[in-house]
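Thanks for coming. I will go through one model today, starting with the strands and ending with the charged pairs.

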Amino acid sequence: QVQLVESGGGLVQAGGSLRLSCAASGRTFSSYTMGWFRQAPGKEREFVAAISRSGGSTHYADSVKGRFTISRDNDQNTVYLQMNSLKPEDTAVYYCAAGRFLTTYGARNNYNYWGQGTQVTVSS
């Protein structure tokens, strides 16, 4: 079983920055495509960003493109989400996810493992 643990969330003012981390267990981290999703109260979980196994390819939701950057360190079994120019609408619980043999980076059902989430709150 792959275990994912997010950290780095918190309260920040609009325009500020946060960096989220997701630590993964196991020795097969590099075999997984990693993604970040978020879910606000009363809303569906939505795709934020994804990164390929080697880190050579990244994908972003239009709402965060140019502001967020996903990266990974396979030696540390960790994926990151650098969030800049944060907006109140970015407020959500952020989840990292891992999947193999993906056909669509932004599809939730393409990911097999999920973390517990970390809260990000952006005030105006």
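**Strands, core and links**

Let me start with a sheet: four strands make up an open sheet, ordered E1-E3-E8-E7, with antiparallel pairing. At its edges are strand E1 (4-7) and E7, each of which pairs on one side only. On average, neighbouring strands of this sheet are turned by 15° against each other, direction ignored. For that angle, axes are lines fitted to C-alpha atoms, for helices over the stretch in contact, and angles run from 0 to 180 degrees between N-to-C directions. Strands (E, at least two residues) and helices (H or I, at least four) are DSSP runs, numbered from the N terminus. Two strands pair if DSSP finds at least two bridges between them.

Before I go on, a word on the source. This is a predicted model, in which local features need pLDDT of at least 70 and side-chain atom pairs count only at pLDDT 80 or more, while totals for chains, interfaces and linings use all residues. Residues are numbered from 1 along each chain as its sequence is written, and side-chain values use heavy atoms, with hydrogens and water left out.

Back to the strands. The protein has 11 strands and zero helices. The radius of gyration is 13 Å, close to the 14 Å that the globule rule gives for 124 residues, so the protein is as compact as a globular protein of that length. That radius is taken over C-alpha atoms, and the globule rule is 2.2 Å times the number of residues to the power 0.38. The C-alpha trace spans about 40 × 25 × 25 Å along its principal axes.

Inside the sheet, strand E3 (residues 18-24) and E8 run antiparallel and are joined by six bridges. Arg 19 has Gln 82 in E8 as its bridge partner.

Now E11. Strand E2 (residues 10-13) runs parallel to E11, with four bridges between them. Leu 11 has Thr 121 in E11 as its bridge partner. E9 also pairs with E11, in the antiparallel sense, over three bridges. There, Val 93 stands opposite Gln 119 in E11. Thr 118, Val 120 and Val 122 make up the covered face of E11, and Gln 119, Thr 121 and Ser 123 the uncovered one.

What about the interior? Of the 124 residues, 43% count as buried. Buried means under 20% relative accessible area, exposed over 50%, and partly exposed in between (1.4 Å probe, protein chains only). In soluble globular proteins, nonpolar side chains tend to be buried together. Here the largest nonpolar core has 35 residues, and those with the most contacts inside it are Met 34, Trp 36, Val 79, Leu 81, Met 83 and Tyr 94. Such a core is a set of buried Ala, Val, Leu, Ile, Met, Phe, Trp, Tyr and Cys residues joined through side-chain atoms within 4.5 Å. The elements giving two or more residues to this core are E3, E4, E5, E7, E8, E9 and strand E11 (118-123).

Next, how many disulfides does a search of the whole structure find? It finds one, counting as a disulfide a pair of cysteine sulfur atoms within 2.5 Å. Cys 22 is joined to Cys 96, S to S 1.9 Å. Cys 22 lies in strand E3 and Cys 96 in strand E9, so the pair ties together parts that are 74 residues apart in sequence. The link is right-handed, with 50° about the S-S bond. Cys 22 counts as buried at 0% relative accessibility, and Cys 96 is buried with a relative accessible area of 0%.

Last, the charges. There are four salt bridges in the structure, a salt bridge being a side-chain nitrogen of Lys or Arg within 4 Å of a carboxyl oxygen of Asp or Glu. One of them links Asp 90 to Arg 38, with the closest N and O atoms 2.9 Å apart. Asp 90 lies in the loop between strand E8 (78-83) and strand E9 (92-99) and Arg 38 in strand E4 (residues 33-39), so this pair ties together parts that are 52 residues apart in sequence. Both Asp 90 and Arg 38 are buried.

Asp 90 also meets Arg 67 in a salt bridge, at 2.8 Å, N to O. Arg 67 sits in the loop between strand E6 (58-60) and strand E7 (68-73), 23 residues from Asp 90. Arg 67 is buried, with a relative accessible area of 11%. Through shared partners, salt bridges join Arg 38, Glu 46, Arg 67 and Asp 90 into one network.

Glu 44 and Arg 108 also form a salt bridge, at 3.8 Å, N to O. Glu 44 is exposed, with a relative accessible area of 61%, and Arg 108 is partly exposed, at 39%.
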